[in-house]
Amino acid sequence: MKNSNRLKKTAPLLKWGVFALLALALYLIQVTPGFLQFGMVKPAALCCLPCLVALYEDVFESAVFGCVCGMLWDTSAGVPFGFFGLFLLALCVLTSLFVRRYLRINLLTAVLVSAVCVGFTLFMNYLFLYALWGYTGMLQLFVKSLLPTVLISWPFCFPVFFAVRGMQRWCDKVRES
Amino acid sequence: MKKFLGSLKFKIILVLASLMVGFMLYASTTEGFQLLPGRVISFIVTPIQDLSAQLSSSVGGFFSMLFNAQSISEENEQLRQENQQLRDSLIELEEAKRENEQLKGFLGIKESNPDIEFTPAFVIGRDPADEFYAFTIDVGAQAGVSVGDPVITDNGVVGIVSRVDDHTAKVMTLLDPSFNLGALDMQSRDPGSVIGEASLALHGYCKMTYLPLTSQAKQGDLVITSGIGGVFPENLVVGTVREVRTETSSVSLYAVVEPAVNVADVKDVYVITNFENQGSYVTGNEEQ
């Protein structure tokens with residue numbers, strides 16, 4: 001009984017600890033030189049995690065987690081600090097507010113949310129750092145670099161979704177026991 | 001929904017969002033120096049990133065040897081043929097030898113530029129959001145690295161430090177459209193400016209602009225730094241001219257330059273932390 005109560009109290013901490021480790025692992029996959037790199041294209045593996053967590057968590061927790069993942073990404077990307085923090089925070093808030101309310105949480109929803117998240121974030125990076133400055137060759141960059149990056153980033157949503165859902169189900173089971 | 005919009009949690013989220021905007025605005029004024037939250041995150045994550053990069057490099061090297069056996073064999077055969085041609089063309093090679101001795105002097109960084117101080121660095125990160133092979137290295141302000149420091153290898157110019165924190169630095173490569181470097185065609189002695197261009201960068205090339213219409217630059221010419229502007233030391237190898245074309249404006253020429261360093265694969269670099277004339281405006285006429 002005591003152990004069960006202790007587990008109920010620590011389960012949320014364990015859950016967020018696992019999410020944090022997952023964020024770190026995806027970040028390392030994303031930035032390790034030469035790993036899953038195809039020319040100029042590398043997967044933005046970290047991008048879909050906060051939005052998939054937002055499918056199951058309240059707005060505030062989702063927003064904070066999204067912000068932290070974004071700031072982690074900011075340290076390695078050549079963007080002003082806070083850039084990805086802001087966009088991932090906003091996406092997580094929207095996901096938690098609207099997707100949870102109006103859509104069923106299943107694999108299809110997760111795939112759609114990840115696609116939107118990855119596409120939107122990388123497009124914002126392309127727009128503000130390159131396209132708006134009037135450099136030549138931006139269309140080629142969009143087709144040959146941005147789109148392939150989105151395409152190879154998006155499949156990460158599958159294992160991440162199952163991991164997040166598994167963790168959430170374990171927490172629910174502990175809470176109900 | 002209305003209840004949420006009026007709640008304390010929503011206000012905290014707005015504060016977080018404002019903080020992110022504030023960070024971005026402040027970051028634009030710090031001239032490339034990383035903000036405190038970024039430095040804290042970087043301090044925690046960098047050792048893990050370093051280890052991950054070392055592991056990836058070791059494993060990648062092993063598999064590269066297996067997968068590239070065919071191309072290594074072909075390259076070996078090609079090098080044999082080149083060597084034979086060099087032996088057969090001895091008279092022409094005397095001229096090439098003289099140029100080669102001169103190039104060795106340029107390529108030997110310390111021989112031609114004894115005033116250069118540099119710090120070795122290892123590439124520990126490449127981000128998918130960086131479109132032009134920008135990377136992170138494992139040295140920062142504590143090792144004497146500053147924003148604007150040139151980054152090179154034994155083969156030539158790689159890029160420039162664009163952001164620094166205590167233990168890491170971000171390098172912008174010469175393929176980036178923001179990159180700008182005073183250069184010289186070594187054979188024709190025409191000055192120009194090496195910049196990145198997106199369409200060329202996708203093929204691994206950069207551009208040398210502002211060549212005069214009467215320029216004698218041609219394919220195979222070596223492009224070196226001119227030292228003008230005080231950003232890079234002079235006589236560092238940038239790359240080789242692949243093609244000379246006319247600008248769309250038709251008032252000048254430009255050269256498509258193949259960089260001497262493959263910036264997509266580079267693993268070890270040197271950051272030049274100090275050299276003579278660094279930061280001073282050198283016009284190139286001082287010898288006259």
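Two strands count as paired if DSSP finds at least two bridges between them. Strands themselves are DSSP runs of E, at least two residues long, and helices are runs of H or I, at least four residues long, both numbered from the N terminus. The model is predicted: local features need pLDDT of at least 70, side-chain atom pairs count only at pLDDT 80 or more, and totals for chains, interfaces and linings use all residues. Residues are numbered from 1 along each chain as its sequence is written, chains are lettered from A and ligands numbered from 1 in the order in which they are written, and side-chain values use heavy atoms, without hydrogens and water.

Start with chain B. Strand β7 (residues 191–195) and strand β8 (residues 206–211) run antiparallel there, joined by three bridges. B:Val194 has B:Met208 in β8(B) as its bridge partner. Both strands belong to a closed barrel of six, in the order β6-β7-β8-β11-β10-β9, with antiparallel pairing. From one strand to the next, the twist averages 40°.

Now take the loop between β9 (222–225) and β10 (237–246) of chain B, where B:Leu236 is found.

Next, the cysteines. A disulfide is a covalent bond between the sulfur atoms of two cysteines. Here the test is a pair of cysteine sulfur atoms within 2.5 Å, and the structure holds zero disulfides over all chains. A:Cys157 shows why: the closest cysteine sulfur, in A:Cys48, is 5.9 Å away from its own, too far for a bond. A:Cys157 is buried at 0% relative accessible area. B:Cys206 is buried as well, at 0%.

On a 1 Å grid over the protein atoms alone, a cavity is a set of points where a 1.4 Å probe fits but cannot get out; a pocket is an open set with protein on both sides within 12 Å along at least five of seven lines; lining residues have an atom within 4 Å of a point. The largest pocket has a volume of about 850 Å³. Of its 30 lining residues, the closest to the centre are A:Gly78, A:Val79, A:Pro80, A:Leu129 and B:Ser162. The whole structure has four cavities of 30 Å³ or more. The largest cavity has a volume of about 70 Å³. Residues of both chains line this cavity, among them A:Gln37 and B:Tyr133.

Technical notes: Axes are lines fitted to C-alpha atoms, for helices over the stretch in contact, and angles run from 0 to 180 degrees between N-to-C directions. Grid points are joined across faces, edges and corners, and a volume is the space filled by probe spheres set on the points. Buried means under 20% relative accessible area, exposed over 50%, partly exposed in between (1.4 Å probe, protein chains only).
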